[in-house]
Amino acid sequence: MNRIKILIVDDHKLFSQALKGLIEDHENFEVIGQLINGQEVQNYFEKPENIIPDIVLMDVQMPIINGIDATEWLTNNQPDIKVLALTMDNDEQTILKMLRAGAKGYLLKDIHPSILHQAILETIEKGFYYTEQVSDTLLRANKVRSNPLHKIELKPRELELLKYVCQELTYKQIAEKMFLSPKTIDGYREKLFVKLDVKSRIGLVLYAFKENLI
């Protein structure tokens with residue numbers, strides 16, 4: 001397989017350097033850059049000569065532009081890039097803010113290196129990675145019920161897609177289960193993003209939990 005290109009964004013330089021070494025212990029991973037805040041993220045992608053990463057490992061608490069705002073900027077401007085939060089902040093509201101901004105997973109810095117490697121590989125393969133903590137946070141978010149006066153009407157196919165999205169399936173596998181082309185699935189997904197005002201697969205999962213659809 002081609003080496004997975006990874007960009008590290010963390011203002012703690014000693015940690016960032018140690019993380020680089022840890023990541024590159026895996027033969028299929030390559031760290032292409034180390035940045036210290038969200039402003040540097042924006043500056044990096046404004047230069048066309050810079051290599052585009054597959055994964056961005058994003059800290060949350062950083063000066064100038066924090067990880068939440070940087071993730072939202074990437075979601076809007078570089079939607080093909082997958083962001084994994086890697087932080088010491090385990091506050092549930094912070095987790096939800098990162099996921100709603102477009103992060104594909106949320107990891108704490110004290111995880112075992114093998115979990116980090118697994119998270120990177122699964123995010124590339126499936127498009128997201130849920131730790132037990134993230135899953136529990138999503139379940140608790142289900143307790144916050146939405147106002148029935150603002151209920152959004154979803155078509156049967158949209159509901160079906162939403163339920164499959166909450167399973168560990170790639171969009172290609174979902175297309176096979178729904179007997180549709182991947183392009184048609186992409187169209188349904190984009191319509192759901194607009195209709196539900198979310199920006200990522202995890203945003204769809206949050207909505208599904210919130211509305212008791214799964």
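In the predicted model, helices H1 and H5 are roughly perpendicular to each other, because their axes cross at roughly 70°, a value that falls in the range of 65 to 115 degrees. The axes of H1, which spans residues 13–23, and of H5 come within 11 Å, and the contact is formed by Leu19, Leu22 and Ile23 on the side of H1 and by Pro113, Leu116 and His117 on the side of H5. Divided by class, the residues of this contact comprise five nonpolar and one polar, with no charged residue among them.

Overall, the secondary structure of the protein amounts to ten helices and five strands. Of the 214 residues in the protein, 48% are buried, and among contacts with a separation of 6 or more, 68% are accounted for by residues 24 or more positions apart.

The sheet is open and consists of five strands in the order S2-S1-S3-S4-S5, with parallel pairing. Its edges are formed by strand S2 (29–35) and strand S5 (105–108), each of which pairs on one side only, and neighbouring strands are turned against each other by 25° on average when direction is ignored. Strands S1 and S2 run parallel and are joined by six bridges, with Ile8 standing opposite Gln34 in S2. Strand S1 is largely enclosed by the rest of the structure, because five of its six residues are buried. Further along the sheet, strand S3 (residues 55–58) pairs with strand S4 (residues 82–87) in the parallel sense over four bridges, and the bridge partner of Ile55 in S4 is Lys82.

Helices also pack against this sheet. Helix H5 (residues 113–126) touches S1, S2, S3, S4 and S5, and its direction makes about 160° with that of S4. Helix H2, for its part, lies across strand S1 (4–9) and S2, running at about 115° to S2.

The loop between H2 and S3 contains Pro53, which is buried, with a relative accessible area of 3%. When its neighbours within four places in sequence are left aside, Pro53 is in contact with Lys5, Ile6, Leu7, Ile32, Tyr44, Phe45 and Ile81. Although Pro53 and Ile4 are 49 residues apart in sequence, their C-alpha atoms are 7.8 Å apart in space.

The largest nonpolar core has 29 residues, and those with the most contacts inside it are Val9, Phe45, Val56, Met58, Leu74 and Met98. The largest share of this core, five residues, is contributed by helix H4 (residues 92–101).

Leu96, located in helix H4, is buried, with a relative accessible area of 7%, and its C-alpha atom is separated by 9.4 Å from that of Tyr106, ten residues apart along the chain. Thr170 is placed in the loop between helix H7 (156–165) and helix H8 (171–177) and is likewise buried, with a relative accessible area of 17%, a value under the 20% limit for this class. Not counting residues up to four places away in sequence, Thr170 touches Glu125, Lys126 and Arg201.

Methods:
Residues numbered from 1 in each chain as written. Predicted model: local features only at pLDDT ≥ 70, side-chain atom pairs only at ≥ 80, totals over all residues. Heavy atoms only, no water. Core = buried A, V, L, I, M, F, W, Y, C linked by side-chain atoms within 4.5 Å. Buried < 20%, exposed > 50% of the residue type's maximum accessible area, 1.4 Å probe, protein only. Helix = DSSP H or I, 4+ residues; strand = E, 2+ residues; numbered from the N terminus. Pairing = 2+ DSSP bridges. Axes fitted to C-alpha atoms, helices over the stretch in contact; angles between N-to-C directions. Contact = heavy atoms within 4.5 Å. Parallel < 35°, antiparallel > 145°, perpendicular 65-115°, else oblique. Nonpolar A, V, L, I, M, F, W, Y, C, P; charged D, E, K, R; others polar.
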